[in-house]
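This briefing is meant to be read with the sequence and the coordinates side by side.

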Amino acid sequence: MKNHLLLIVYFLLCSSLGFGQTKEIDSLKSVLEKADSDTTKINTYLSLAKKYMFIDVDTFNIFTKTASKLSKKNNNHELARIYCGIGLGYIYVSKIDSAQFYFDESLKILDQKEDKRLRALVYSNYGMSYQSTNDFEKQIAYNLKSIEFLESPYDLGLAHYNQGAYYSQGDFMELSKKHFKLANNYSKEGKNTRAEGLALMALGHIYMLEKKLDSAEIYLQEGLNLCNTAKNLQICYEINAKLGQLYDEKGIHDKATIFLLKARDLAISRKVDEDLGNSLANLGNHELKRKNYQKSIAYFKEYDAFLQKNKGNIPVQVSAYKSWSDAEAKAGNLIESNRLLIKYTDTKDSILSEENRTILAEAESKFETEKKDKELAEQQLVLADQQLVIQESKSKSRTMNIVIVALLLGSILLWFSFRQRQKRMQQQLVAIEREQEVRTLESLMEGEEKERLRIAKELHDGVNGDLAAIKFKLTSLLETNNKVINEAVTMIDNSSEQVRAISHNLVPPSLRDFNLLEAVATYCENMNAIHDPEITFQHLGNAIVLDKKQEANLFRIVQELVTNAIKHAAAKEITVQLSNLENTLQLTVEDNGKGYDPKTVKSDGIGMQNVASRVAYLNADMDFVSNKDGTSYTIAMDTKSSTI
């Protein structure tokens, strides 16, 4: 998977936050010579640094550090961004400790100023610094931390693509798909066609690996429409190449030919050697599947010549030699087929991991030792007894068997260790995702409570005050004994009561000043007074001790469920019950109304979505029953282990 998805670090260039437009180096140096202010010099040094970032890291560091010195001298607010750029330069020369030092310095400055987007960039690059150490968990953790500070859909699309690519490198496909889908949605909203196209290509690739070809086709066709509109040659190349492979998998070879040839033409026009090499190998595989063996061989020969021309500059597609060998065999060229099969094996062996190479080297060393011992024994056959030779032969056989068994057991242990580590990593990643979701829910709920408080204050202090003033003026006219004025005063009294009730429902004083039991009891009593159904509140078991956030969420759930029963159930009785027994808090809201069939009636409105979110936030479980006798909701949470 990791060989097919190119990870884009979505703020990779700190220059994207203000390094200036790319200009010719000579022109920039000319500007620098004429600059008469430190601000102009700083911006010019940063532009020069950007120019050298990928061609000369030492020069890049010289320019960024010069800009840093000028910035310190002038107390320039760009210093945090400059440190981020210096850290990035150190990543490219594999000086990870130095890179992280400058990222830490950047974060110290950002602690004194509000710049969420730059902070997200620093965390993203911090995660990238762990790639060379293969510390997968820290890459994931820092990228998730980066996502927390992003707000615009444009940036979030790139960030979630980044996260999906990280997960794909660790073969966590379900988490990878989740973030690629988020990347697709955010990119559409933010009009980020590059990230959207990459996300669609990645989703298509994953579904192809899972052999869900119809799903893969949907995403890749959407990506094709996007690239035709956006004219992004990189995306167009990736999508056309994937569609060609997809239609080969589906057996629609004529259609595959169109897309694979288009991908090759795009690779030529973009002058990207790796893409052109891959295109030739893909066409060779394609013609092999079509049983056009001579055309397949021609493409593979062209690929091999191109590979030799660019030796060391582009990665080898090892499977191409296996397919080429198959094509030669089908064409009757068995000697050439055998040669290519050996080349395939040699090439594949040469790119094995260091660990596997060590195991093979040790096995070979042991084999050579045994071989030399055997040759020595054969030289001494004329001097040794026949029985001794037989015993030595048996001994050597036992030694070889022991070596083979040891290697087999070692391989099994390595595989088992890898699976255990992957399982632990999966659990850690799920925990990280859960933690992020809880923080997001908590932020949303805190915002909702603040907005409720604001509206309640405006109702109480504003509207209610105006009604009181109107009532006072009308009362002063009662001397005329006007019946209409008396009725208006009565209506104002009723309106004031309703405004007060709404204000108290938004932010119940009993919940703020007392506890959950007082708040729910008061709420049921108030609702009972102004609505037809008889609303009863019951409390069973021990006293309920929760923090204010938990109490607020439970209270809002009661409000939503009672309101739904009043509005939709046509009930005569509604019962609200809170019980706290054996560290289990249970909330029950039931009515004797008409009920509903969940299979035919949608219950996924905003209100019930809010209830579900609050239940998830509380780590609780919710169950409900609805029929012609009424509806009952039951929510249970463990008060002993539940922590927010």
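E573 is a residue of strand β2, and in this predicted model it counts as partly exposed because its relative accessibility is 44%, between the cut-offs of 20% and 50%. The protein as a whole has 24 helices and five strands, and of its 644 residues 42% count as buried. Among contacts between residues at least 6 apart in sequence, 62% join residues at least 24 apart.

**Around E573**

- Leaving aside neighbours within four places in sequence, E573 is in contact with E534, E590, D591 and N592.
- The C-alpha atoms of E573 and D532 are separated by 8.9 Å, although the two residues are 41 residues apart along the chain.

**The nonpolar cores**

- The largest nonpolar core has 54 residues, and Y161, I239, L243 and L246 are those with the most contacts inside it.
- Helix α10, which covers residues 193-209, gives the most to this core, with nine residues.
- Another core, of 46 residues, lies apart from the largest one and includes L28, F60, F136 and F172.
- In soluble globular proteins, nonpolar side chains tend to be buried together.

**I239 and N240**

- When neighbours within four places in sequence are left aside, I239 is in contact with G197, M201, L220, G223 and L224.
- N240 is found in helix α12, which runs over residues 233-249, and N240 counts as buried because its relative accessible area is 5%, under the cut-off of 20%.
- With neighbours within four places in sequence again left aside, the contacts of N240 are L224, F259, L260, K262, A263 and L266.

**The packing of α14 with α16**

- Two packed helices are described by the angle between their axes and the distance between the axes.
- Helix α14 (residues 273-289) packs with helix α16 (residues 319-330) at an angle of about 35°, and their axes are 10 Å apart.
- The crossing in which α14 passes α16 is left-handed.
- On the α14 side the residues in contact are A281, N285 and L288, and on the α16 side they are A320, S323, D326 and A327.
- Sorted by class, this contact of α14 with α16 has four nonpolar, two polar and one charged residues.

- The buried residues in α16 are A320, Y321, S323, W324, S325, A327 and E328.
- An α-helix has 3.6 residues a turn, so residues three or four places apart point the same way.
- G332 follows α16 and has a positive phi, near 90°.
- Helix α5, which covers residues 96-110 and has 15 residues, reaches 21 Å from its first C-alpha to its last, close to the 21 Å expected at 1.5 Å a residue.
- In α5, the buried residues are I96, A99, Q100, Y102, F103, E105, S106, L107 and L110.

- Most residues other than glycine have a negative phi, and most peptide bonds are trans.
- K191 is not a glycine, and yet its phi is positive, at about 55°.
- K191 lies in the loop between α9 (173-190) and α10, and K191 counts as exposed because its relative accessibility is 68%, over the cut-off of 50%.
- N583, which is likewise not a glycine, has a positive phi of about 65°.
- N583 has its place in the loop between β2 (573-581) and β3 (584-591), and at 40% relative accessibility N583 counts as partly exposed.

**S613 in α24**

- S613 lies in helix α24, which covers residues 606-617, and at 28% relative accessibility S613 counts as partly exposed.

Key: Residues are numbered from 1 along each chain as its sequence is written. This is a predicted model: local features need pLDDT of at least 70, side-chain atom pairs count only at pLDDT 80 or more; totals for chains, interfaces and linings use all residues. Side-chain values use heavy atoms; hydrogens and water are left out. Axes are lines fitted to C-alpha atoms, for helices over the stretch in contact, and angles run from 0 to 180 degrees between N-to-C directions. Helices (H or I, at least four residues) and strands (E, at least two) are DSSP runs, numbered from the N terminus. A crossing is left-handed if the near helix is turned anticlockwise from the far one by less than a right angle, and right-handed if clockwise. Contact means heavy atoms within 4.5 Å. Ala, Val, Leu, Ile, Met, Phe, Trp, Tyr, Cys and Pro count as nonpolar, Asp, Glu, Lys and Arg as charged, and the others, Gly among them, as polar. A nonpolar core is a set of buried Ala, Val, Leu, Ile, Met, Phe, Trp, Tyr and Cys residues joined through side-chain atoms within 4.5 Å. Buried means under 20% relative accessible area, exposed over 50%, partly exposed in between (1.4 Å probe, protein chains only). The expected span of a helix is 1.5 Å times one less than its number of residues.
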